[in-house]
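Here are my notes on this one, as numbered points. Have the structure open while you go through them.

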Amino acid sequence: MSESKTKAVKTVKKIEHEAPIVKKSAAKDPAEIYAKGVQYLAYGKRKNATARVVLRPGSGKYVINDKQDLAGYFGKRAGVVLQVNRPFQVAELENQYDVLANLHGGGKFGQAGALAHAIAKAIVVSNAALKKRLKDEGLLTRDSRVKETKKYGRKRARKGYTYRKR
């Protein structure tokens with residue numbers, strides 16, 4: 001009996017030593033990436049999309065989800081690019097800040113709205129005097145319209161089945 005106990009203990013120890021070492025994720029927190037210098041953090045939402053933005057004084061460069069620029073992420077949607085740049089145009093701060101953004105949830109248009117909302121909030125954090133100008137343009141107000149959920153017993157949120165008596 002003592003031999004079996006010793007073997008069991010040896011196997012457990014062997015498994016413990018041979019366990020692979022788990023490395024940390026390659027994804028970095030925006031605060032770690034821009035640890036040096038002045039930076040402004042803000043969150044924005046639109047539909048089911050959320051955006052976390054770090055503004056840092058720079059040349060107007062965008063980095064979305066740690067790898068892509070604005071045109072690369074949103075593609076050929078010119079209206080989306082205008083919508084994202086609108087807070088900078090209203091505040092007259094074009095090409096003065098670099099934007100590091102993490103976008104997730106929703107679709108591309110919802111993410112663009114969330115990104116614009118977060119940029120506007122970060123601009124207010126950087127300079128509170130611009131709050132009135134951005135608020136008048138409606139850039140600080142979260143657009144709370146979300147798709148209504150489907151109800152049971154119905155085809156969609158409100159459409160029911162056609163009733164037929166005979």
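Predicted model: local features only at pLDDT ≥ 70, side-chain atom pairs only at ≥ 80, totals over all residues.

1. Numbering starts from 1 along each chain as its sequence is written, and side-chain values use heavy atoms, with hydrogens and water left out.

2. Leu-115 is also among the residues with the most contacts inside the largest nonpolar core, which has 34 residues. Such a core is a set of buried Ala, Val, Leu, Ile, Met, Phe, Trp, Tyr and Cys residues joined through side-chain atoms within 4.5 Å; buried means under 20% relative accessible area (1.4 Å probe, protein chains only). Elements giving two or more residues to this core include β2 (49-57), α4 (78-91) and α5 (108-126), and α5 has the largest share, nine residues.

3. Now for the strands. Seven of the eight residues of β4 are buried, so β4 is largely enclosed by the rest of the structure. β2 and β4 run antiparallel, joined by eight bridges, and Arg-56 has Asp-98 as its bridge partner in β4. β3 and β4 run parallel with three bridges; there Ile-64 is partnered with Ala-101 of β4. Strands pair if DSSP finds at least two bridges between them.

4. Overall, the chain has six helices and four strands, taken as DSSP runs (helices H or I, at least four residues; strands E, at least two) numbered from the N terminus.

Terms used:
Buried < 20%, exposed > 50% of the residue type's maximum accessible area, 1.4 Å probe, protein only.
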